[in-house]
Amino acid sequence: MSSVLPFVMCALFGALVAVLYLNERQGRLAARFLDGRRVAIPCRISPAGSDRWVRGTFVIAPEGWSWERPPSHAHGPGLPSDARIVRVRRPEGRERNRLHHRVLVVECASGEGEFRLALVPGQVEHVVMVLAPAG
């Protein structure tokens with residue numbers, strides 16, 4: 001019994017440190033967003049109807065937002081400038097096998113067609129505020 005107690009205490013301490021770190025990280029991201037500084041949000045993009053997800057970064061800057069692709073996917077899908085959100089949902093069907101269980105899928109539409117973004121829940125709000133239609 002006494003050999004289990006240190007293990008349990010270390011596990012609880014590790015969990016507490018992880019929670020505090022993630023909470024602080026989320027607070028820094030929100031502060032940067034509210035101050036109008038550049039915010040880079042890692043996410044994945046996929047054209048509607050495709051099973052292929054490409055990693056990239058959704059960048060929110062004072063002059064607007066943009067999509068940055070990694071150099072290895074220079075010819076991958078891009079994010080159209082007239083993108084607007086259609087709905088936010090949990091992964092469905094085959095998406096559940098390809099995406100992390102915590103992500104939310106943001107379905108978007110534009111003049112070039114429909115596409116999907118996969119984002120971690122703590123970062124979805126920032127993208128929604130940028131892409132949501134005014135009014």
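Buried, in these notes, means under 20% relative accessible area, exposed means over 50%, and partly exposed lies in between, with a 1.4 Å probe and protein chains only. I work from a predicted model, in which local features need pLDDT of at least 70 and side-chain atom pairs count only at pLDDT 80 or more, while totals for chains, interfaces and linings use all residues. Residues are numbered from 1 along each chain as its sequence is written, and side-chain values use heavy atoms, with hydrogens and water left out.

**Cysteines**

I looked up Cys10 and found that it counts as exposed, at 56% relative accessibility. I then searched the whole structure for disulfides, taking a disulfide as a pair of cysteine sulfur atoms within 2.5 Å, and the search gave zero. Cys43 is in no disulfide, and the nearest cysteine sulfur, that of Cys108, is 9.6 Å away. Cys43 is buried, with a relative accessible area of 6%.

**Cores**

I next asked which residues touch the most other members of the largest nonpolar core. Here a nonpolar core is a set of buried Ala, Val, Leu, Ile, Met, Phe, Trp, Tyr and Cys residues joined through side-chain atoms within 4.5 Å. The largest one has 20 residues, and Phe58, Leu117, Leu119 and Leu131 touch the most other members. Strands E1 (39-47), E2, E5 (104-110) and E6 (113-119) and helix H3 (121-131) each supply at least two residues of this core, and E1 gives the most, with four residues. Helices (H or I, at least four residues) and strands (E, at least two) are DSSP runs, numbered from the N terminus. Apart from this core lies another, of five residues, including Trp53, Val103, Val105 and Ala118.

**Phe58**

Phe58 counts as buried, at 0% relative accessibility. Leaving out residues up to four places away in sequence, and with contact meaning heavy atoms within 4.5 Å, I list among its partners Val39, Ile41, Cys43, Leu79, Val127 and Leu131. I also looked for aromatic pairs, in which rings of Phe, Tyr and Trp (its six-membered ring) have centres within 6.5 Å, with planes under 30 degrees apart counted as stacked, over 60 as edge-to-face and the rest as tilted. The count comes to one, and this is the stacked pair of Phe58 and Trp65, at 5.4 Å centre to centre and 15 degrees between the planes. Trp65 is partly exposed, with a relative accessible area of 24%.

**Helix H3**

In H3, I note that Gln123, Val124, His126, Val127 and Leu131 are buried. They lie on the same side of H3, because they cover an arc of only 165 degrees around the axis, the arc being that of the directions from the helix axis to the C-beta atoms.

**Strand E5**

Seven of the seven residues of E5 are buried, so E5 is largely enclosed by the rest of the structure. Leu104, Val106, Cys108 and Ser110 point one way from E5, and Val105, Glu107 and Ala109 point the other way. For strand pairing I require that DSSP finds at least two bridges between the strands. Strand E4 (residues 84-89) runs antiparallel to E5 and is joined to E5 by five bridges, with Val88 opposite Val106. E5 and E6 also run antiparallel, through seven bridges, and a hairpin of two residues joins them.

**Pro62**

Pro62 lies in the loop between E2 (54-61) and strand E3 (64-68), and is exposed, at 64% relative accessible area. Beyond its neighbours within four places in sequence, Pro62 is in contact with Gly36, Arg37 and Arg38.
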